[in-house]
Amino acid sequence: MADRTIQDGQDGNGIRTFPFPVDLSVLGVGMQVGPMSPDRTWHDDAPLERVHRIDFHIVMLFDGGPVTHMVDFAEHEATAGDLLWIRPGQVHRFSRATEYRGTVLTMQPGFLPRTTVEATGLYRYDLPPLLRPDARQLAGLRAALDQLGREYEDTATLPIGLHTSVLRHSLAAFLLRLSHLATSSAEAAGGRTDTTFTLFRDAVEKGFATNHSVSAYADALGYSRRTLVRAVRAATGETPKGFIDKRVILEAKRLLAHTSLPIGRVGVAVGFPDAANFSKFFQLHTGATPVTFRAELS
């Protein structure tokens with residue numbers, strides 16, 4: 001997909017990742033934008049058709065299709081005019097049976113200032129990865145992305161400092177449009193979310209690896225358990241416990257798919273010191289043991 005391969009590394013949990021190649025982007029800036037290509041890979045050891053994980057943002061705007069793409073173990077079918085937004089830490093897999101055509105934007109975490117990150121919802125993992133803009137929205141997104149591409153390639157007009165600043169502004173303009181589309185799509189699908197759920201969602205994202213207690217989250221946020229149950233049901237249709245368990249299962253799947261960590265260590269990483277309890281929990285929610293799940297992905 002990208003025009004260059006990416007060097008791999010490992011974080012403290014032994015998770016093998018594919019970082020953004022800032023040293024290979026134009027003038028070393030923290031983003032890339034250009035045409036998608038069916039014969040490219042992030043890394044020689046991670047074929048596109050296998051599950052892999054990255055630590056940067058990807059936005060793909062498709063000119064053709066249909067294309068089937070897996071993000072966090074859910075299959076999404078995209079066609080011309082659709083976008084896929086994949087965030088750092090999400091596992092994904094390209095389809096070997098289809099050709100990817102369109103434009104791909106990649107961005108390194110930290111390239112944009114915090115205020116822009118918050119305004120654009122860069123780390124809203126609850127938002128859908130597959131986005132289907134209407135004609136007017138698509139025209140605005142294409143215009144913004146085309147302008148960003150022109151600025152990215154124009155290395156002669158401005159000094160590097162100004163060039164980078166212009167890129168940040170152009171990128172923010174595109175992402176604000178994309179964020180509005182993602183937020184409105186989520187609201188249309190499941191109703192508006194209130195502050196109570198937003199705070200709970202963010203707290204779970206930070207604490208799910210060690211805290212699985214609904215009461216503990218309610219106490220920390222200053223809500224009664226009943227208020228929290230009402231807010232989460234209204235926003236997602238499920239209980240707070242179900243929401244927490246779903247996030248734990250997702251991380252467990254990521255670790256099982258992308259690492260060679262022993263099953264017991266995967267359990268510890270998501271809050272289960274006892275391997276047997278983790279296996280029971282995983283099988284209850286997925287219908288497969290951790291061992292079987294990992295084997296089916298190999």
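Here are some notes on the predicted model above, point by point.

1. Confidence first. This is a predicted model, and the mean pLDDT of the protein is 84, with 87% of its residues at 70 or more. The stretch to watch is residues 1-15, where the pLDDT is below 50, even though the model gives this stretch 52 contacts beyond near neighbours in sequence. Where pLDDT is low, the predicted coordinates should not be read in detail.

2. The largest nonpolar core. It has 29 residues, and those with the most contacts inside it are Met31, Leu83, Leu105, Leu171, Phe174 and Leu178. Two or more residues each come from strands E3 (31-35), E5 (57-62), E8 (83-86) and E10 (102-107), and from helices H2 (135-153) and H3 (160-190). H3 gives the largest share of this core, seven residues.

3. Leu83 up close. Setting aside residues up to four places away in sequence, Leu83 touches, among others, Val59, Met60 and Leu61. The list also includes Pro129, Leu130, Leu131, Pro133 and Leu141, along with Phe174, Leu178 and Leu181.

4. Ile58 in strand E5. Ile58 is found in E5. Is Ile58 buried or exposed? Ile58 counts as buried, because its relative accessibility is 0% and the cut-off for buried is under 20%. Along the chain Ile58 and Val104 are 46 residues apart, yet their C-alpha atoms are separated by 7.0 Å.

5. The open sheet. Four strands make it up, in the order E4-E9-E6-E7, with antiparallel pairing. E4 (52-53) and E7 stand at the edges with a single partner strand each, so one side of each has no neighbour in the sheet. At the E4 end, two bridges join E4 to strand E9 (residues 91-93), and the two run antiparallel. His52 stands opposite His92 there.

6. The E6-E7 hairpin. At the other end of the sheet order, E6 (residues 67-71) and E7 (residues 74-78) pair in the antiparallel sense over five bridges. Val67 has Ala78 of E7 as its bridge partner. There are two residues between the strands of this hairpin, and Asp72 takes a positive phi near 50 degrees. Phe73, in the loop between E6 and E7, also has a positive phi, of about 70 degrees, although it is not a glycine. Phe73 is partly exposed, with a relative accessible area of 22%.

7. Gly65 and Pro66 are joined by a cis peptide bond, with omega about 5 degrees. Pro66 has its place in the loop between E5 and E6. The other spot is Leu27, which is not a glycine but has a positive phi of about 60 degrees. Leu27 is found in the loop between strand E2 (16-17) and E3, and is partly exposed, with a relative accessible area of 47%.

8. The second core and helix H7. A second, separate core of 26 residues includes Tyr217, Phe243, Ile244 and Leu261. As for helix H7 (residues 240-258), how far apart are its end C-alpha atoms? They are 27 Å apart, which agrees with the 27 Å that 19 residues should span at 1.5 Å a residue. H7 is mostly covered, with 14 of its 19 residues buried.

9. Phe278 in helix H9. Phe278 lies in H9 (residues 275-286), and is buried, with a relative accessible area of 0%. Which residues is Phe278 in contact with, leaving aside neighbours within four places in sequence? They are Ala252, Ile263, Val266, Gly267, Val270, Phe272 and Pro290. Take Ala252 from that list: Phe278 and Ala252 are 26 residues apart along the chain, and their C-alpha atoms are separated by 9.5 Å.

10. Ala269 for contrast. Ala269 has its place in helix H8 (residues 263-269). Ala269 is partly exposed because its relative accessible area is 30%, between the cut-offs of 20% and 50%. Apart from neighbours within four places in sequence, Ala269 is in contact with Ala209 and Leu255. The C-alpha atoms of Ala269 and Leu255 are separated by 8.8 Å, with the two residues 14 apart along the chain.

Methods
Residues numbered from 1 in each chain as written. Predicted model: local features only at pLDDT ≥ 70, side-chain atom pairs only at ≥ 80, totals over all residues. Heavy atoms only, no water. pLDDT = per-residue confidence, 0-100. Contact = heavy atoms within 4.5 Å. Expected span 1.5 Å × (residues − 1). Buried < 20%, exposed > 50% of the residue type's maximum accessible area, 1.4 Å probe, protein only. Pairing = 2+ DSSP bridges. Core = buried A, V, L, I, M, F, W, Y, C linked by side-chain atoms within 4.5 Å.
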